[in-house]
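Student: I would like to go through this structure by question and answer. Please show it first.

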Amino acid sequence: MSEKPHGRVFDLSLHLLDRQVLDRDGRMVCKVDDLEFERGADGSLYVAAILVGQRALSHRIGGRLGVWIRSIAQRLSTDDVPRIDFAQEDDIGSAIKLGASRDSLGVAPLEDWVREHIVSRVPGSRHESE
Amino acid sequence: MKFLQVALGILTAIGGFVDIGDLVTNGLVGARYGLSLAWATLLGLVGICLFAEMSGRVAAVTHRGTFDLVRERLGPRAGLANLVASFLVTALTVTAEIGGVALSLELATSVNYILWVPMVGLFVWLVIWRVKFSILENGAGLLGLALLVFGFALWKLHPDYGSLVHQVFVPQKPPNERLPSYFYYAIALFGAAMTPYEVFFFSSGGVEEGWSRKDLMIERLNVFIGFPLGAVLSLAIAADAALVLKPRGIEVDSLGQIGLPVAFAAGKIALAVAILGFVAATFGAALETGLSCGYSIAQYFGWQWGKFVRPRQAARFHVAVLLTLIIATGFVLTTIDPVMITEYSVVFSAVALPLTYFPILVISNDPDYMGDKRNGRLMNALASAFLVLIVVASVAAIPLMLWTRAGQ
Amino acid sequence: MRASDLIGREVVGADGARIGVITDLRCIQDGPLRGTQAALRVDSLLVSRHHTGSVLGYDRERQRGPWVIGALVRFLHRSMHVVPWSAVEDEGPPVRLRPGPRITS
């Protein structure tokens, strides 16, 4: 039996995957669509980054549906899959809190595009409904 | 101050309970079956109370929306299946509600409903875009109280109340009606009362309004007083149809016929009030279902959602709502009979129910999310019993629909 | 390598016999500092014969009621193994374990 662990224990599927990610101001950023590992010097696997977006999610949906979603998503964007390095992570609780502000992350290209090309052009987009 | 808040919540719940599905289904069933299917409405009432209480409690404790939690708890695959089914059914309901508003405006103005449809779609979007959430919800709910005129009309008809009560609690299928159709309409009434969107709207709305644990008592009062009174209103609509239309053999296939008993019993002004009620109830429901479509997509993908932030901050959410409204409006413009769309929407609501309610049952039981506010044993027993009932209704709905050719 | 690669991957023993599929990855936050927190290290694999229902959490002790669903899932997961990462010989697919005893939770 291994010794008692002296760090917090997380089960990835139960505690991390599909959790809401919030920025330091509590605003919604994205969901943890997938997680990327990197190998440490001793051969251990460490959680390296949160992968975001439909392409990342398509791998978790799997099957033919996943492949289909991936092919559509790839047609819309040829950039790398958006990722948030796990260094940004500040707290894991009922949501994943990041230490950075949402705007500095750049993981929501669709949101930015929709905001610029559609929402901003409609009058009233800047006002909170009052 | 607290009292006013509670009263407002209850009144809004009463006026907001009835939507085009309830109007059409109760009117239709009342004219054909009298009150012998009232038990289905009452069962649906108990069900919606249970699940609205659970979803509201989840929102107040976790400050998170339903689909956000559904994907976390059930995983992306099951969550996606849930999303697709819920979205399709709710989008169909949006279509029915927009049709309902247009039909009501036609009743009020004699201008053909098709001409109203684009304006209704636009106005629904405009209100969602600009009007504050609480005004949106309370306004439509309060105006929907105009439907109380159906209760007034019932009183004016001087019915034999004993006989009505007997029909409700000792249901007897009319001799000339076949059993499959009888149960088909039972499922339709059940689906009309237990609309799936209610679960996500109630929980997302709770987050919009910033509910927290201290609001739980108010939320429960709204549900356990407001909804039953709303169901009584639905039954009044059915009773009016039973007393006026059924003896004359008038079958309901238009919105106007549902208002006929009110005109008959209480005159033109009462009819005008009823039509105001139609417009308010259907418009309010169009707002709720439109928002629900946006909530479900945005919450599944983790996008910023809600009217509690500036539209610029929730761009994808607002575009999702816009696209839904465009598609729904387009569908109504194909001139398919809106009453028929409504009938299909309530039956498909019944079919989709297990998918939408099961996750709420799981989440409201989870101590990690709910802490000490998770379901008690009584709630679990009732909710589990209802889950069985919902599954039975869901499985039987389509076969019955095919067998009876949609209730003929 | 991603979580989606490992979760759902078949696990076989040193003798080639099928043990099950990876239903979850248990990590401990005791790695080198990354940002403001210690890195999450993959410590063990949770392996079950079937993949259903694991995310419902009913296979972990804490979840309670509704009773029927919990009982059903616990039945499906009656043999869940916790396999330390050190017991993994080859990451696969499928994941092959080193010879030796396994830990059952």
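Student: In the hairpin of β1(C) and β2(C), which residue in the turn has a positive phi?
Tutor: This is a predicted model, in which local features need pLDDT of at least 70, side-chain atom pairs count only at pLDDT 80 or more, and totals for chains, interfaces and linings use all residues. Residues are numbered from 1 along each chain as its sequence is written, with chains lettered from A and ligands numbered from 1 in the order in which they are written. Five residues lie between β1(C) and β2(C) in the hairpin. The turn residue with a positive phi, about 90 degrees, is C:Gly16.

Student: Which residue in β5(C) stands opposite C:Ile22?
Tutor: β2(C) is also joined to β5(C), by seven bridges, and the two run antiparallel. Opposite C:Ile22 stands C:Val47.

Student: Which strand of chain A pairs with β2(C)?
Tutor: The pairing is antiparallel and has three bridges. A:Val9 stands opposite C:Ile28, and the bridge partner of A:Phe10 is C:Cys27. The strand of chain A is β1 (residues 9–11).

Student: How many of the 11 residues of β2(C) are buried?
Tutor: A residue is buried if 20 or more other C-beta atoms lie within 10 Å of its own, exposed if 12 or fewer, and partly exposed in between, with C-beta atoms placed from the backbone. In chain C, buried residues make up 34% of the 105 residues. β2(C) is largely enclosed by the rest of the structure, because the number of its residues that are buried is nine.

Student: Which element gives the most to the side of chain C that touches chain A?
Tutor: Two residues are in contact if their C-beta atoms, placed from the backbone, lie within 7 Å. On that basis 29 residues of chain C are in contact with 30 residues of chain A. At least two residues each come from α1 (3–6), β2 (18–28), β4 (37–38) and β5 (41–48) of chain C. With five residues, the element that gives the most is β2(C).

Student: How are α2(A) and α4(B) oriented to each other?
Tutor: Axes are lines fitted to C-alpha atoms, for helices over the stretch in contact, and angles run from 0 to 180 degrees between N-to-C directions. The axes of α2 (residues 54–61) of chain A and α4 (residues 66–109) of chain B come within 9 Å and cross at roughly 100 degrees. Angles under 35 degrees count as roughly parallel, over 145 as roughly antiparallel, 65 to 115 as roughly perpendicular and the rest as oblique. The two helices are therefore roughly perpendicular.

Student: Which strands are the edge strands of the open sheet in chain A?
Tutor: This sheet has four strands in the order β3-β2-β8-β7, with mixed pairing. Inside it, β2(A) and β8(A) pair in the parallel sense over two bridges, and A:Val21 has A:Ile96 as its bridge partner. An edge strand here pairs on one side only, and the two are β3 (28–31) and β7 (89–92) of chain A.

Note on methods: Pairing = 2+ DSSP bridges.
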